[in-house]
Amino acid sequence: MTLSAAELARYSRHLALPEVAASGQERLRAARVLVIGAGGLGAPAALYLAASGVGTLGLADGDRVELSNLQRQVLFDSDDVGTSKVVAARRRLAALNPEIAVLVHEGDVTADNAVAVVRDYDVVIDGTDRIGTRYVVNDACVIAGRPLVSAAIHRFEGQAMTYVPGRGPCYRCLFPETAAGIVPNCAEAGVLGVLPGVMGAIQATEAIKLIVGRGEPLIGRLLTYDALEMRFQEFAFDRRKDCAVCGPNPSILAPVDTAASAPLARHRRLAPAELAALLSAAAAGGAPVRIIDVREPYEFAAGHLHGAQSVPLGQVERMRWDDGATTVFVCRSGGRSSRACQIAVNHGLTGAADLEGGLLAWAASIDPALCVA
Amino acid sequence: MIDEQDGIRPHIRLFIDTHEVRDLNAQVGANQVLHLICALSGG
């Protein structure tokens with residue numbers, strides 16, 4: 001089907017490029033691209049893909065917009081805080097380009113649903129903020145035979161690579177496996193707001209190149225970006241003969257959440273209501289409860305539980321252990337507190353527990369007035 | 001970085017200049033650079 005007059009006007013700068021032209025623009029219109037994670041990476045990627053005329057854009061995310069997202073997630077406005085990310089994103093993308101369809105998958109992409117979700121798309125963009133999900137998305141793309149453009153960010157650094165079935169290595173060929181807690185996410189480590197803009201735009205570029213069939217994708221090439229040094233570098237890597245998912249004898253036949261299945265030291269996890277009950281009992285003269293907030297000082301300053309003691313995760317190893325009270329570690333979403341608990345258990349603190357879902361879960365179910373940075 | 005079996009941990013890759021090395025006995029030449037690249041998870 002030929003382009004309409006409105007499309008000819010909207011995409012005129014693409015049409016002026018011989019490498020894209022009308023045939024490439026028609027391919028973009030016919031294409032279906034899935035963006036997993038409407039965060040720092042997904043926001044610029046989705047904006048550019050929508051503006052470029054990708055006909056069907058899928059967005060998968062289960063989170064709501066938070067004030068702390070707005071420093072880098074340029075899809076959202078201040079008025080969107082508290083709104084479902086994919087709903088707010090669909091509104092913004094529809095306003096940007098009403099010629100395209102935006103499909104939303106409100107919820108997390110998991111080992112159970114990943115293959116079915118990615119199978120409906122031609123290209124997948126991974127912009128998740130959780131290491132386990134990166135493996136799930138990679139495995140699903142390998143199993144479903146879908147190209148994947150993966151990127152990740154940390155403080156001032158970014159990485160990007162592209163997997164195309166049958167043409168090169170996958171993410172597991174590069175990093176065979178990992179575990180939650182080894183690799184920090186943005187909430188834990190911080191990130192320069194503009195950094196995901198650079199890397200998300202690279203992901204959109206890769207997707208457009210794959211669809212149009214022009215240029216050299218980042219196949220077997222890890223692109224790294226150092227914003228402080230303002231330096232891009234490229235590293236070559238090959239397929240692994242022993243890759244668990246794309247190798248000739250795969251042991252992974254369905255997506256695996258490596259981080260979720262990694263063995264963790266045993267410790268007790270408290271739901272917000274359980275912690276609230278423990279604190280009430282302690283206030284009434286029951287067993288004492290010691291709350292250790294393992295977030296960074298600036299997060300603690302923004303808001304914390306009454307009576308909580310600030311011990312950033314990096315200092316937990318050196319803290320004074322006290323078995324006289326139930327020690328409950330808390331953090332923003334439960335990742336750092338879980339690691340702190342493992343450290344405590346390793347020090348023999350048998351009564352250690354942590355708050356499942358972190359202070360975000362506490363604010364959602366117990367105290368909405370708590371400011372969680 | 002190195003596990004109990006003297007292997008490179010699977011979330012870290014080593015590159016000499018721009019090429020991956022999987023052998024810890026690989027030699028780094030006088031004018032070569034060893035890069036340690038760790039998996040990132042932020043998005």
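Strands here are DSSP runs of E at least two residues long, numbered from the N terminus. With that in hand, chain B of this predicted model is quick to describe: read along the sequence, the pattern is β-β-β. That makes 3 strands and 0 helices for chain B. The C-alpha atoms of this chain fill a box of roughly 35 × 30 × 10 Å along the principal axes, and 21% of its 43 residues count as buried.

How far can the model be trusted? For the model as a whole, the scores are ipTM 0.91 and pTM 0.77. Chain B averages a pLDDT of 88, with 93% of the residues scoring at least 70. Within chain B, β3(B) has the highest confidence, at 95, and β2(B) the lowest, at a mean of 93.

Next comes the meeting of the two chains. On the chain B side, 14 residues are in contact, and they meet 32 residues of chain A. The elements of chain B that give two or more residues to this side are β1 (12-16), β2 (19-21) and β3 (34-38). By type, the chain B side divides into 7 polar, 5 nonpolar and 2 charged residues.

Chain A, for its part, is split into domain 1 (31-261) and domain 2 (268-365).

The largest nonpolar core has 82 residues. Among those with the most contacts inside it are V33(A), L34(A), V35(A) and V124(A). Helix α10 (residues 195-212) of chain A gives the most to this core, contributing 9 residues. There is also a second, separate core of 23 residues, which includes I291(A), V294(A), L355(A) and A361(A).

Leaving out residues up to four places away in sequence, V124(A) touches L34(A), I36(A), V118(A), V137(A), C141(A), R146(A), P147(A) and L148(A).

Just after α7(A) comes G145(A), with a positive phi of about 70 degrees.

Helix α15 (residues 335-346) of chain A has 12 residues and reaches 17 Å from its first C-alpha to its last, close to the expected 16 Å. Its buried residues are G335(A), R336(A), S337(A), S338(A), R339(A), A340(A), C341(A) and A344(A). After α15(A) comes G348(A), whose phi is positive too, near 85 degrees.

Where does A38(A) sit? Its place is in the loop between β1 (32-36) and α4 (42-52) of chain A. Is A38(A) buried or exposed? The cut-off for buried is 20 or more other C-beta atoms within 10 Å, and A38(A) has 30, so it counts as buried. Not counting residues up to four places away in sequence, A38(A) touches A43(A), A46(A), L59(A), D61(A), L75(A), K85(A), V86(A) and A89(A). From A38(A) to D79(A) it is 41 residues in sequence and 17 Å in space, C-alpha to C-alpha.

How values were computed. Residues numbered from 1 in each chain as written. Chains lettered and ligands numbered in written order. Predicted model: local features only at pLDDT ≥ 70, side-chain atom pairs only at ≥ 80, totals over all residues. Core = buried A, V, L, I, M, F, W, Y, C linked by C-beta atoms within 7 Å. Buried ≥ 20, exposed ≤ 12 C-beta atoms within 10 Å, placed from the backbone. Helix = DSSP H or I, 4+ residues; strand = E, 2+ residues; numbered from the N terminus. Contact = placed C-beta atoms within 7 Å. Nonpolar A, V, L, I, M, F, W, Y, C, P; charged D, E, K, R; others polar. Domains from an automatic or database assignment. Expected span 1.5 Å × (residues − 1). pLDDT = per-residue confidence, 0-100.
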